[in-house]
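Have the viewer open as you read.

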Amino acid sequence: MKAFLVSLVAIAIISFGAAVVLGTIDRSAEDVYSTGSVRH
Amino acid sequence: MRRESRGLLRLTLAASLVLAAAFAGVLWGLLAPNGVLAQQPAPSAGQRGPANPVPNSQLRLNGGADMWRAVRQGIRGRVSIPDAKAAQLVQSQGDNWREIRNGPLVRYGSYMLAGIVALLALFFFLRGRIRVEHGLAGRTITRFNFVERFAHWLLAVSFVILGLTGLNITFGKAVVLPVIGKPAFAALSLWGKYLHNYVAFAFVVGLVLVLLLWIAENIPNTYDVKWLLKGGGLFTKGTHPPARKFNAGQKILFWLVILGGFSLILSGLDLLFPFEMAMFSKTFVVLNMLGTNLPTDIAPIHEMQLATIWHAAMGLFMIVVILGHIYIGTLGMEGAFDAMGTGEVDVNWAREHHPIWADEVEARQTAAGMSRGPAPAE
């Protein structure tokens, strides 16, 4: 079950990384409704 | 008197001309291509023309009823703010979307989930656990290496998280909220939404890894026809149709996961980055080349509505498929879980369920043993 445990760690790392990267876009998500597009 | 008559006539003509010009100007102002009441074509790429025909020949001649009817029918005008979507005041497909979202999607989705659970329970009741008929040999061979198991669990665990949080989005308000109350449900749904959005990227990595690792062994071959004709030996004891590393059932699962998974990813990206993509319009253009007659002039908000319905329906379908996979990999078949647990499977299990692959592995092991030569004498 080592592969299973390593996959859990990988999911945590990938998800956290995605949250950090996309967080900048997420914060400007309201722009979708005010400007029609998001800032990248 | 005659002079007065001429003066009056000139005055009347001049007044008539001025009035006619003014009336023409007013009409032009109202009905010209850029006039106040004219239907405005989309000023940006994100907008398109009205979805429904609008009678515009009598606009404002009946108190604006036609104009408001046109608004109700989804006419898109022009706005000066950057958000071009605001140019459409009423989008009637939103009503349809809500009815589908809260009606058939939830109803048939719950039928599907209940149906697969009932079907698996019935199968277990009738067939029982599929045993290794020749008993466990006590000797194992490697079925999946570490990388394969890692990719499988990366995909599997992320899918379970996405499935549970997705089910909460679809059914939570009806099922979870009455049990745990509004405050707890609000917190659960908020964190579930975060999990769903970000764990999705682990799912993408897992799906790509699985595709790369196993695509070569999931190309259909003639053994698959024999396997399918015998129902995979699932319904009768003592039947063991031929199979290489993956049998026909596993290949069907593989392609369902790959195609369904990428469909979920694409529709999920559409939802994660709203109004950035117009995937349904583009997909319908391609499908129309194949003979369908699907609408390609889809408003941006309608794109989002289609994406939510598709994403939820495809997610429910994949949950049903994976429930079947989980059953056969755990409760339904003796020795199957070891393949993804330790990576090692009993030789007799391999010979019964994947006889050609087992022969190939054992032949390779024998050849490797022979190439090493006999053990040196002490």
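What follows covers the chain contact, a helix pair and one tryptophan.

This is a predicted model, where local features need pLDDT of at least 70, side-chain atom pairs count only at pLDDT 80 or more, and totals for chains, interfaces and linings use all residues. Residues are numbered from 1 along each chain as its sequence is written, while chains are lettered from A and ligands numbered from 1 in the order in which they are written.

Let's start where the chains meet. Chain A puts 18 residues into the contact and chain B puts in 21 (a contact means C-beta atoms, placed from the backbone, within 7 Å). On the side of chain A that touches chain B, α1(A) gives the most, with eleven residues. That side divides into 13 nonpolar, five polar and no charged residues (Ala, Val, Leu, Ile, Met, Phe, Trp, Tyr, Cys and Pro count as nonpolar, Asp, Glu, Lys and Arg as charged, the others, Gly among them, as polar).

| Helix | Residues |
|---|---|
| α9(B) | 248-272 |
| α11(B) | 300-329 |

Their axes lie 9 Å apart at an angle of about 150°, so α9(B) and α11(B) are roughly antiparallel (angles over 145 degrees). Their contact holds ten nonpolar, eight polar and one charged residue.

Finally, W191(B) sits in helix α7 (residues 182-214) of chain B. W191(B) counts as exposed because it has 11 C-beta neighbours inside 10 Å (exposed means 12 or fewer).

Terms used: Helix = DSSP H or I, 4+ residues; strand = E, 2+ residues; numbered from the N terminus. Buried ≥ 20, exposed ≤ 12 C-beta atoms within 10 Å, placed from the backbone. Contact = placed C-beta atoms within 7 Å. Axes fitted to C-alpha atoms, helices over the stretch in contact; angles between N-to-C directions. Parallel < 35°, antiparallel > 145°, perpendicular 65-115°, else oblique.
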